[in-house]
Amino acid sequence: MSSVLRLPSMRLLRRLQHQHLLRPVLSRSVTRGEYRRPGKPIEDKPPWQKINFSFSKGLDGIVKHMTLLKREFFDRWVGPQGKPLSEHLLEQNQVVWEFRGPESLEQWVVSSDREIGGQSEVDLKLGRNNNTCFLSGSLRTTPPKDGETRYSGYCSMRTKQLLASFDRKKHYDWSGFNTLNLRVRGDGRPWVIIIGTETYFSHQKDDIYSYFLYTRGGPYWQEVKIPFSKFFLTHRGRVQDDQHPLWMDKINTIGFTLGDKVDGPFQLEIDYIGVSKDYAHTEEFAYELYKRNPEV
C-alpha cells in the first residue's frame, strides 16, 4: 500500500523539477543567498562574474592600504587620531563632519524607497559657496505595486562605514563626550537622527539608535544639542522593549531619515556635525532598562 502511494508523489516531484518549479537547494543557496527586496529582479549570474580581476585595480589597492597602514602606525606614536595625548584628554568639543568642499560629500550616501520600487527622490549636493551640505528631494508615500510592500515613503542620508587598512572596520570613539551638536536649517519637517554602533551578533545588524530632530523652517539657522542619553534602540523602525545605552566607543555611522508620511518636497541644510562634553548633563540613560529579575 505504501509503495502504491509513493509512486504518484514521485511522479509529481519529477514533473515539478522538469518544469523548473522546484530547483535544487544547492544552486539556490549559492546563487541566491542574499536577501532580495520586493520588486527587485532576480540575478542569475554567479558571484564570481561580478569580480573585477584587474591588475591596475589590485596595484592601486595595495598602495592605498599600505598608506593607511603607515598612517595608523605613526598615529599611535603621536596619540589617538594623530593628536597629542594631552590635547585628546582635555578636548571638550570636536567637529566630526563639516562640509567645505566636494570631497566632504564622499563620506556620505543617500537612499530612498526608490530602491524597493517607490517614487521618492533624494539629492545631495553642496550648498551656497560650497560651505554647507544641501539635502533635498520629494517624498512620495505611494507603495510599489509588487503585491508585498504595504508602506513606503522615506529618504535618508548616512555616512559610510569608516574603514582602516585592508578594509578593517574603524570606529568613532566618543566615550569622552555626551552631547551631539548640529547646526542645521530645515523646512519645518521632523527628521530622525540615527546612529549605528558595532554589534555582537549578525542578527543585530539592523539595530539603530534614534532620536528626533525638529526643524523650525524659515531662513534662520538653529543650533541643536542632543544628549546621547536620549537616543533609544530601534530595530527596523520599531522601538524595542529591551533598551540599552549607546556604545560610545564603537560608533559606526550616523544619518538623517525623513519618513513623516507627508507627500511633497523637502530640504535640509547642514553646516557641521560635532560632539561635545556638557558637564551640566549628568543623565546616564533616559529610559527604563529592562531587568528580568527587578530589584524589590
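Strands in these legends are DSSP runs of E with at least two residues, helices are runs of H or I with at least four, and both are numbered from the N terminus. Every view is taken from a predicted model.

**View 1. The loop residue Arg 236 and its positive phi.** Arg 236 is found in the loop that connects strand 10 (232-235) to strand 11 (238-239). Its phi lies near 55 degrees, a positive value in a residue other than glycine. Most residues other than glycine have a negative phi. With a relative accessible area of 60%, Arg 236 is exposed, because residues over 50% are placed in that class.

**View 2. Asn 130 in the loop between strands 3 and 4.** The loop between strand 3 (121-126) and strand 4 (133-139) holds Asn 130. Although Asn 130 is not a glycine, its phi is positive, at about 55 degrees. The relative accessibility of Asn 130 is 40%, and the residue therefore counts as partly exposed.

**View 3. The second largest pocket and its lining.** The space in the second largest pocket amounts to about 1100 Å³. Its lining comprises 32 residues, of which Gln 81, Leu 162, Lys 170, His 171 and Tyr 172 are the closest to the pocket centre. Helix 3 supplies the largest share, 5 residues. By residue class, the lining of the second largest pocket divides into 13 charged, 10 polar and 9 nonpolar residues.

**View 4. A nonpolar patch on the surface.** Four side chains, those of Ile 62, Met 66, Leu 69 and Phe 166, form a nonpolar surface patch. Together they have about 390 Å² of accessible area. Phe 166 belongs to the loop between strand 5 (155-159) and strand 6 (179-186).

**View 5. The salt bridge between Arg 183 and Glu 223.** Side chains of opposite charge can pair when their charged atoms come close. The side chains of Arg 183 and Glu 223 meet in a salt bridge with an N to O distance of 3.3 Å. This pair links distant parts of the chain, with Arg 183 in strand 6 and Glu 223 in strand 9 (residues 222-227), 40 residues apart. The two partners fall into separate accessibility classes: Arg 183 is partly exposed at 22% relative accessibility, whereas Glu 223 is exposed at 54%.

View 6. Asp 206 and Lys 205 meet through their side chains in a salt bridge (3.5 Å, N to O). Asp 206 counts as partly exposed at 22% relative accessibility, while Lys 205 is exposed at 60%. Elsewhere, salt bridges that share partners join Glu 98, Arg 100, Arg 183, Glu 223 and Asp 271 into one network. A search of the whole structure finds 12 salt bridges.

**View 7. The salt bridge between Arg 114 and Glu 121.** The side chains of Glu 121 and Arg 114 form a salt bridge at 3.3 Å, N to O. Glu 121 has a relative accessible area of 46% and is partly exposed. For Arg 114 the relative accessible area is 46%, and this residue is partly exposed too.

**View 8. Arg 185 beside Pro 219.** Arg 185 lies in strand 6. In sequence, Arg 185 and Pro 219 are 34 residues apart, and in space their C-alpha atoms are 7.4 Å apart. Arg 185 counts as partly exposed because its relative accessibility is 24%.

Technical notes:
Residues are numbered from 1 along each chain as its sequence is written. This is a predicted model: local features need pLDDT of at least 70, side-chain atom pairs count only at pLDDT 80 or more; totals for chains, interfaces and linings use all residues. Side-chain values use heavy atoms; hydrogens and water are left out. On a 1 Å grid over the protein atoms alone, a cavity is a set of points where a 1.4 Å probe fits but cannot get out, and a pocket is an open set with protein on both sides within 12 Å along at least five of seven lines; lining residues have an atom within 4 Å of a point. Grid points are joined across faces, edges and corners, and a volume is the space filled by probe spheres set on the points. Ala, Val, Leu, Ile, Met, Phe, Trp, Tyr, Cys and Pro count as nonpolar, Asp, Glu, Lys and Arg as charged, and the others, Gly among them, as polar. Patches are made of residues with over 30% relative accessible area and no salt bridge: like charges are joined within 9 Å, nonpolar side chains (Val, Leu, Ile, Met, Phe, Trp, Tyr) within 5 Å. Accessible areas come from the Shrake-Rupley method with a 1.4 Å probe; for residues, only the protein chains shown count as cover. Buried means under 20% relative accessible area, exposed over 50%, partly exposed in between (1.4 Å probe, protein chains only).
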